[in-house]
Amino acid sequence: MAVPNPLNILKDIFLFSGDYKFMFYVALAGFCAANARAILTASPKINYFHGCALMVLTCYGGSTISAIMVGAPVVFAVN
């Protein structure tokens with residue numbers, strides 16, 4: 001059994017390909033969590049509904065950027 005090359009594993013992780021396609025969703029969840037934390041830090045007494053609206057707007061732009069970076073179709077262009 002051949003030992004996998006560590007550089008090929010890293011390539012698959014960073015390009016979200018091969019056995020590591022799920023890393024796109026891990027990175028996207030981390031991005032959304034970081035945005036939620038930034039919104040809560042910026043205005044700690046924010047209303048729940050205002051926070052949800054800011055979260056959607058902030059994360060929607062981030063998912064568009066990450067899709068463009070990896071060459072995947074952008075949601076609003078496909079639908």
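A residue counts as buried when its relative accessible area is under 20%. By that cut-off Asn 35, at 12%, is buried in this predicted model. The protein has four helices and zero strands, and its elements run α-α-α-α from the N terminus on. With a radius of gyration of 16 Å, well over the 12 Å that the globule rule gives for 79 residues, the protein is more spread out than a compact globule.

**Overall form**

- Taken along the principal axes, the C-alpha atoms of the protein fill a box of roughly 55 × 30 × 15 Å.
- Of the 79 residues in the protein, 13% are buried.
- Contacts between residues at least 6 apart in sequence include a share of 29% that join residues at least 24 apart.

- Neighbours within four places in sequence aside, Ile 13 is in contact with Tyr 20 and Met 23.
- Ile 13 and Val 75 lie 62 residues apart in sequence, and their C-alpha atoms are 22 Å apart in space.
- Phe 14 is exposed, at a relative accessible area of 62%.
- Between the C-alpha atoms of Phe 14 and Leu 57 there are 25 Å, for a separation of 43 residues along the chain.
- Phe 16 sits in the loop between α1 and α2.
- The phi angle of Phe 16 is positive, at about 55 degrees, although Phe 16 is not a glycine.

**Helix α2**

- Helix α2 consists of 20 residues, 23–42, and reaches 28 Å from its first C-alpha to its last, close to the 28 Å expected at 1.5 Å a residue.
- Phe 24, Asn 35 and Ile 39 are the buried residues of α2.
- Seen down the axis of α2, these buried residues fall within an arc of 45 degrees, so they line one face of the helix.
- Arg 37 and Thr 41, on the other side of α2, are exposed.
- Asn 35, itself in helix α2, touches Met 55, Thr 58 and Cys 59 when residues up to four places away in sequence are not counted.
- Ala 33 is placed in helix α2 as well and counts as partly exposed because its relative accessibility is 46%, between the limits of 20% and 50%.
- The C-alpha atoms of Ala 33 and Ala 53 are 15 Å apart in space, and the two residues are 20 apart in sequence.

**Aromatic residues**

- The whole structure holds four aromatic pairs.
- One of them joins Phe 16 and Phe 24 in an edge-to-face arrangement, with 5.5 Å centre to centre and 80 degrees between the planes.
- Tyr 48 and Phe 49 also form an edge-to-face pair, with 5.5 Å between centres and 80 degrees between the planes.
- Tyr 48 counts as exposed, at 61% relative accessibility, and Phe 49 counts as exposed at 63%.
- Phe 16, Phe 24 and Tyr 25 make up one aromatic cluster; in that cluster, Phe 16 comes from the loop between α1 and α2, while Phe 24 is one of the buried residues of α2.

**Cysteines**

- A disulfide is a covalent bond between the sulfur atoms of two cysteines.
- The structure has zero disulfides.
- Cys 32 counts as partly exposed, with 24% relative accessibility.
- Cys 52 is partly exposed too, with a relative accessible area of 30%.
- Cys 59 is among the residues that Asn 35 touches.

Notes. Residues numbered from 1 in each chain as written. Predicted model: local features only at pLDDT ≥ 70, side-chain atom pairs only at ≥ 80, totals over all residues. Heavy atoms only, no water. Contact = heavy atoms within 4.5 Å. Helix = DSSP H or I, 4+ residues; strand = E, 2+ residues; numbered from the N terminus. Expected span 1.5 Å × (residues − 1). Buried < 20%, exposed > 50% of the residue type's maximum accessible area, 1.4 Å probe, protein only. Arc of directions from axis to C-beta. Disulfide = S-S within 2.5 Å. Phe/Tyr/Trp six-rings, centres within 6.5 Å; stacked < 30°, edge-to-face > 60°. Rg over C-alpha atoms; globule rule 2.2 N^0.38 Å.
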